[in-house]
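Here is a chain to look at with charged side chains in mind. The talk is about labels and the values behind them.

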Amino acid sequence: MRRIPPIALVVAFVVMLGLLPTRWIAPLTGDLSSILWVPLSPIAHGATAMRLWLRPPKVTTTEGDGSISADRDYYRGLWHAEQIRVQELEKKLSAYEVISGASKRAGAVRLAAANVLSRTTGAGGAALKLNVGTQQGISAGDVAIVDGDAIVGRIAAEVGAVSSTVISIANRSIGRIDGYIVPADQEKSKRPQSIVVQLMPDAKGNLRGDIDLGSAARPGDVVRVKDPGWPDGAQGMRLGVVMEIKRKDEQPLRGEIVVRPAVDPNMVGELVVKLSQSSQP
C-alpha cells in the first residue's frame, strides 16, 4: 500500500480547516500562528536589531534637558566674550608697554585710553569721536595710536570736557606730513637707512608723495613720522607701508609713492592718545 507524504496530509488538513465555518476555527488560529511563528523568531529578532543599529531611536528631550542645554550655551557665550575681553586687555597692555619703553628714552609720556563712540566718513576722510576730553588731559594736536606705535590720526581743534575727535591721517584736512622710509629688512637695525618723503592724503584713503626713482624705497617698506609740526611723542611712529612706486610721465627721473595707512580707522574700537607734555588733566 502506497504511503501518503506528510506534506500532503498537512495541506489537506489546512484545506479542510479553510472549509469550516469561521466561528469554529477562530479560537484555534491564534495558537496555530504562534506555533508557526516560532521558527521565524530568530530571523525577525536579528532584523529588528539591525534596524535599530542603522537608525537609532530618537531620544526625547525633557524640559529639564532643554534648560541644561540653554544654560550650557549661555555660559559658553560668556566664556567666549571673556576671551575677547582678555585679548583686548592684552593688546592694550602691550601698547602701554611699548610706549612706556620708548618714554624712558625720550622723556615722560602720558597716555589716555579712549573708546570710539562714532565715526564719520566724508569726502575729506574719516573722523572718530572719542569718549575723552580736556578732563583726561586731551588737547588739540595730540596723537592717537594703536598697537604701540601705529598712528590713527590727530585730535581735532575742538576738544570738549569729555569728548574729542580724531582726524585720520588719510583725512585731507591733516595736510602735508613729513616722514621717512625705512627698508623692510632694516626695521630692526640699529642704524637703518632712512629716505625722506613728504606725503599728502588723497581721495582714496592713502598717502601720496614724490620720490626719487633711484632711491632704495620698495613696496613693503615702513613709513614713519619725522615732522617738526607734530608733537615729540609722534616722532618715529608708524604712518603706513609703501604700496606702490610709480614713474611720473612729466618727470622721468621722479616717481610717485603710494602709502597705505598703518591703521584702518573703520576697524578701530579702542585706541590710546599720547598726551602732549604741556597737557594737564
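Predicted model: local features only at pLDDT ≥ 70, side-chain atom pairs only at ≥ 80, totals over all residues.

Residues are numbered from 1 along each chain as its sequence is written, and side-chain values use heavy atoms, with hydrogens and water left out.

Q: Why is the contact between Arg224 and Asp149 called a salt bridge?
A: A salt bridge needs a side-chain nitrogen of Lys or Arg within 4 Å of a carboxyl oxygen of Asp or Glu. Here N to O is 3.1 Å, and the pair meets that rule. By this rule the count is seven salt bridges.

Q: What makes Arg224 and Asp149 a link between parts apart in sequence?
A: Arg224 is in strand β9 (residues 222-225) and Asp149 is in the loop between β3 (143-146) and β4 (150-155), so the pair ties together parts 75 residues apart in sequence. Strands are DSSP runs of E, at least two residues, numbered from the N terminus.

Q: Why is Asp178 called buried?
A: Buried means under 20% relative accessible area, exposed over 50%, partly exposed in between (1.4 Å probe, protein chains only). Asp178 has 13%, so Asp178 is buried. Its salt-bridge partner is Arg176, at 3.1 Å between the closest N and O atoms.

Q: Why does Arg208 count as partly exposed?
A: Its relative accessibility is 21%, so Arg208 falls in the partly exposed class. Asp202, at 11%, counts as buried. The closest N and O atoms of Arg208 and Asp202 are 2.7 Å apart, in a salt bridge. Salt bridges with shared partners join Asp202, Arg208, Lys246 and Glu256 into one network.

Terms used
Helix = DSSP H or I, 4+ residues; strand = E, 2+ residues; numbered from the N terminus.
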